[in-house]
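Here's a quick write-up to read alongside the model. Have the viewer open and follow along.

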Amino acid sequence: MPIFEIVFYAFSLVMLGAAVMVITVRNPVYAALFLVLTFFSAAAVWMLLEVEFLAIILILVYVGAVMVLFLFVVMMLDINVDPLKEGFVRYLPAGIIVALLMAGELLMVVWSKGRFEAGSYPLPAPNPQGYSNTKEVGEVLFTQYLLPFEVAGVILLVAIIAAVALTLRQRPAVHRQNPSLQVRVRRDERIRLVKMKPDSRQDS
Amino acid sequence: MPDTWMDQLIYMVILILKIVAIVVPLILAVAYYTYFERKVIGYMQIRRGPNRIGPLGLAQPFADVFKLLLKEIVLPENANKFLFLLAPVVTLGPAFAAWAVIPFDDWMVLADINAGLLYLLAMSSLGVYGLIIAGWASNSKYAFLGALRSTAQMVSYEIAMGFALIGVLILAGTLNLREIVLAQQGGVLDWFWLPLLPLFVIFIISGLAETNRAPFDVAEGESEIVAGFHVEYAGSGFAVFFLAEYANMILISALTALMFTGGWLSPFEGIPVIGDTFLGEGSIFWFLSKTVVFMFIFLWVRATFPRYRYDQIMRLGWKVFVPITIFWVMFAAVISVFGLIVRGS
């Protein structure tokens, strides 16, 4: 199936290229946009590999919500790029050591015997017609992994409450509007009609 | 999936023809939607609307389109040129891509996928990028303020909208749009607008906010920030933003028709005499007429209500809509579990 492969490799290449650009590009706004492109291509690759649900959720959550807020913050910060580059040479040795360590660890996993050889992962059988990814994920989440799923939910709830608590502080000098009071205002409370005699002009 | 090169080529050509068959009528619909809007608002304000070009002014949309396309494209000097030109395309892409999963009839759908509803939510959440990129790349205060306003607004109302759709999918028990419509079979009272009435109303109002339409058009706010995120765009760039905005309005109308008022199903279904004739059968005619009704509501609202204040928009979205939708999702789950709603009866 040549079309499948063309599309697959095209998206993979775009994804890898964009991922490299995220860390090399100078402008933080460009970096954030390249990260969006990376997520998007990753979702497309997942979609080709028949994990539609996760692919769409990746776009919905990371591209549609998380990265929008990221961009928001990055665009509003007036980042001067020059000071960011100042310590580059000084931190370079430490950075290289960390990078080498991580690369070594990855290679050890990849090269360990029999783990990533062609035979160890047989091609999965294609999903039958009418197979619903969403349904399968849902069933596993609410039966086999119910407890971790609920715990994750509670952790997120704690994070929400913490975020709200951080922003909720009393500032005495701030005037707050109460929309329901504003709506309830009657005409009589604001307007007073006064009958007066027109002034007679003095100078005529 | 066909195997030989030739088969795949034919498959691709047919696919592209199908896409053209959706996109071209959509663009025409956008053109005449602008005409419809100006006429409707004209008559609501006791004037005639466009009536000079062509009979009844019917050629007016084309005159506007050619005017915009022939205009010079102005690039602001300090703008980020690449992103500035990219932004309209990024806005238009998702607005059109979302139409891929819309079923016009029982069989008339480009991609009948199982996760159709999720796909729609994902596409509508992508639309924000065009605005935010346009606002930033223009390097203008007004454009940036407009972009921030509309992004915050869209992110907020997306939540209410998502919850409203969750109510639908709980009752329908599927994410496939075609099956969601089929789950509403049985006549007007079996459509989801009745059991999900609050979600139906909230979906329409959030739709107005999502597309930055009046009374939620603070993103454009002529009297405050000139025209919002597209203030620096002229000619064809502006035309593309315009096209995307109206395509999105039509999309929201089509979604309301699909999710809450039974898509292509006939309103006469199950009624003794009329229901037995051809009027009782579902067809694309019913889908389009329902969509047009909701498109009209967009215009009606615009001609009726003054613009919301920004803090009130945020309050309405987060403190009113989100709690109501969460409650009603629970309610929908309860009536679904206890079998008070019978799917596709």
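Ile46(B) sits in the loop that links helix 1 (5-44) to helix 2 (60-70) of chain B. Before going further, a word on ground rules: this is a predicted model, where local features need pLDDT of at least 70 and side-chain atom pairs count only at pLDDT 80 or more, while totals for chains, interfaces and linings use all residues. Residues are numbered from 1 along each chain as its sequence is written, chains are lettered from A and ligands numbered from 1 in the order in which they are written, and side-chain values use heavy atoms, with hydrogens and water left out. Helices here are DSSP runs (H or I, at least four residues), strands are runs of E (at least two), and both are numbered from the N terminus.

Back to the loop between helix 1 and helix 2 of chain B: Leu56(B) is found there too. Ile46(B) has a phi near 55°, a positive value in a residue other than glycine, and Leu56(B) has a positive phi of about 60° although it is not a glycine either. Are these residues buried or exposed? Ile46(B) is exposed at a relative accessible area of 78%, and Leu56(B) is exposed at 63%. For the cut-offs, buried means under 20% relative accessible area, exposed over 50%, and partly exposed in between (1.4 Å probe, protein chains only).

## Helix 9 of chain B

Met259(B) is part of helix 9 of chain B, and at 0% relative accessibility Met259(B) counts as buried. Setting aside residues up to four places away in sequence, Met259(B) touches Leu117(B), Leu120(B), Leu165(B), Val168(B), Leu177(B), Ile180(B), Gln184(B) and Phe192(B); contact means heavy atoms within 4.5 Å. Ala239(B) also lies in helix 9 of chain B and is buried, with a relative accessible area of 18%.

| Pair | Sequence separation | C-alpha distance |
|---|---|---|
| Met259(B) and Ala172(B) | 87 residues | 9.4 Å |
| Ala239(B) and Phe66(B) | 173 residues | 9.9 Å |

How does helix 9 of chain B pack against helix 11 of chain B, and at what angle? Helix 9 (residues 235-260) and helix 11 (residues 284-304) of chain B have axes 8 Å apart and an angle of about 125°. That makes helix 9 of chain B oblique to helix 11 of chain B. Axes are lines fitted to C-alpha atoms, for helices over the stretch in contact, and angles run from 0 to 180 degrees between N-to-C directions. Under 35 degrees counts as roughly parallel, over 145 as roughly antiparallel, 65 to 115 as roughly perpendicular and the rest as oblique.

## Chain A

Chain A has 9 helices and 0 strands. Of its 204 residues, 17% count as buried.

The axes of helix 1 (residues 2-24) and helix 2 (residues 28-48) of chain A come within 8 Å and cross at roughly 155°, so helix 1 of chain A and helix 2 of chain A are roughly antiparallel to each other. Residues in helix 1 of chain A that meet helix 2 of chain A include Phe4(A), Phe8(A) and Phe11(A), and the helix 2 side includes Phe34(A), Leu35(A) and Leu48(A). The residues of this contact divide into 18 nonpolar, 3 polar and no charged. Here Ala, Val, Leu, Ile, Met, Phe, Trp, Tyr, Cys and Pro count as nonpolar, Asp, Glu, Lys and Arg as charged, and the others, Gly among them, as polar.
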